[in-house]
Amino acid sequence: MSLESAPVPAGADDRRGLLKAGDKVQLTDSKGRMNTIVLKPGGEFHTHRGIIAHDDIIGAPDGVTVQNSVGVEYQVLKPLYSDFVLSMPRGAAIIYPKDAALITGFGDIFPGARVVEAGVGSGALTIALLRAVGDSGSVHSFELREEFAQIAEGNISDFFAGPHPAWNITVGDLAEELPKAYGPGEVDRVVLDMLAPWDCLDAVTEALVPGGVLVVYVATVTQMSRTVQALQESGNYTKPHALESTVRDWHLDGLAVRPEHRMIGHTGFLVFARRVAQGTTPLRRTKRGQQAEPDQKDLDVWFGPEVTDESVGVKYPTPKKIRRSVREAGSRLDILNSSEGELNG
């Protein structure tokens with residue numbers, strides 16, 4: 001198949017070519033101050049340092065430098081994935097790009113894969129999963145809260161400049177809804193971002209193909225330990241692999257090259273495990289010396305307390321802020337649609 005006849009992935013046209021009405025762009029001045037705007041015919045970007053007409057940007061190439069009404073220069077660039085997810089409207093906390101990269105990489109999310117995700121949060125990880133599976137794959141998100149599903153839908157449509165053909169979302173409990181959506185062994189990868197992932201392990205195990213990868217994202221050590229314990233006790237998974245990532249930027253200014261004083265530290269723990277074949281007992285690695293089995297009293301103390309939003313430090317925005325996020329998510333589509341209407345009219 002030639003490149004000319006190859007199908008264009010969803011959102012690819014929006015990422016290429018000249019800047020057009022409906023595009024979201026970042027304006028950065030010489031001091032690194034950044035503003036994000038959505039281009040609209042006849043629109044203007046106002047600051048105390050002058051005005052930029054949107055029409056001066058529309059039709060220009062990505063990366064162009066423009067001057068405002070008093071000669072201040074701005075670099076114009078379309079936001080990257082990392083830029084977009086860190087600034088998009090939120091309901092629940094997002095999975096940071098550093099963790100999304102590990103999930104798609106270590107989780108082996110491949111083009112054409114059938115991926116199940118729960119919960120969807122604000123859609124940050126969903127966007128990364130959709131880019132990984134492409135139009136030929138599928139990402140099915142499950143979310144308990146309707147308002148979070150609406151925010152995620154708006155953000156995803158905003159990023160891809162329209163609905164992504166590979167995405168589907170179900171509002172409901174994963175343990176109840178997953179068996180209705182998929183038969184045994186029909187899912188390639190499962191990614192769980194929830195308070196108590198062990199509660200839905202039976203449904204996930206049934207849907208996951210032998211050799212498939214389960215990825216669990218949790219915030220606390222107790223959640224991670226309980227998840228690993230549940231995976232091992234199920235007898236359906238290889239030995240879990242747990243990790244976390246930290247990112248430290250570097251200050252680069254001539255010969256003044258040093259680590260930045262601030263960094264992105266702990267955001268969450270990632271647990272990876274693979275589904276073994278039905279009726280197979282997973283092999284356990286042997287080690288020198290005798291490994292003591294955990295005492296039941298210790299397990300009761302460790303796993304006894306109920307996991308709640310408050311117990312793991314999860315804080316949600318106020319209902320007012322969530323309603324505002326629902327309105328803001330996907331706002332670029334309104335501008336894009338209105339611009340198309342004006343052009344067609």
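Where in the chain is the place of Asp108? Asp108 sits in the loop between H3 and E7. Before I go on, please note that this is a predicted model.

Let me stay with Asp108 for a moment. Its phi is near 55°, which is a positive value in a residue other than glycine. Ala161 is not a glycine, yet it has a positive phi of about 60°. You will find Ala161 in the loop between H5 and E9. Its relative accessibility is 27%, so Ala161 is also classed as partly exposed.

The peptide bond that runs from Ala118 to Gly119 is cis, and its omega is near -10°. Gly119 belongs to the loop between strand E7 (114-118) and helix H4 (124-133).

Now the sheets. Four strands make an open sheet, and the order is E2-E1-E6-E5, with antiparallel pairing. At the edges are strand E2 (34-38) and strand E5 (65-67), each of which pairs on one side only. On average, neighbouring strands in this sheet are turned by 35° against each other, if direction is ignored. How many bridges join E1 to E2? There are five, and the two strands run antiparallel. As an example, Lys24 has Val38 in E2 as its bridge partner.

Lys20 is in the loop between helix H1 (12-15) and strand E1 (24-28). With a relative accessible area of 33%, Lys20 is partly exposed. Its C-alpha atom is separated by 9.4 Å from that of Pro61, a residue 41 positions away along the chain.

Next, a parallel case. Strand E8 (residues 138-143) and strand E9 (residues 167-171) run parallel and are joined by five bridges. Within this pair, Ser141 stands opposite Ile169 in E9. To get from E8 to E9, the chain passes through helix H5 (residues 146-159), and this β-α-β crossover is right-handed.

Now the aromatic rings. The structure holds five aromatic pairs. In one of them, Phe106 and Phe272 have ring centres 5.8 Å apart and planes at 40°.

Another pair is Phe159 with Phe160, which is edge-to-face, at 5.1 Å centre to centre and 85° between the planes. Both of these residues are buried. Ring pairs also link Tyr81, Phe84, Phe159 and Phe160 into a cluster. Elsewhere, a charged residue meets a ring: Arg145 lies over the face of Phe148, 4.3 Å from the ring centre.

Gln223 lies in helix H8 (residues 221-234). Its relative accessible area is 2%, which means that Gln223 is buried, the limit being under 20%. The side chain of Gln223 makes a polar contact of 3.1 Å with the side chain of Thr220.

Technical notes. Residues numbered from 1 in each chain as written. Predicted model: local features only at pLDDT ≥ 70, side-chain atom pairs only at ≥ 80, totals over all residues. Heavy atoms only, no water. Buried < 20%, exposed > 50% of the residue type's maximum accessible area, 1.4 Å probe, protein only. Phe/Tyr/Trp six-rings, centres within 6.5 Å; stacked < 30°, edge-to-face > 60°. Lys NZ or Arg CZ within 6 Å of the ring centre and 35° of its normal. Polar contact = N/O pair within 3.5 Å; in protein donor to acceptor, adjacent residues only side chain to side chain. Pairing = 2+ DSSP bridges. Axes fitted to C-alpha atoms, helices over the stretch in contact; angles between N-to-C directions. Right-handed = clockwise from strand over helix to strand, strands pointing away.
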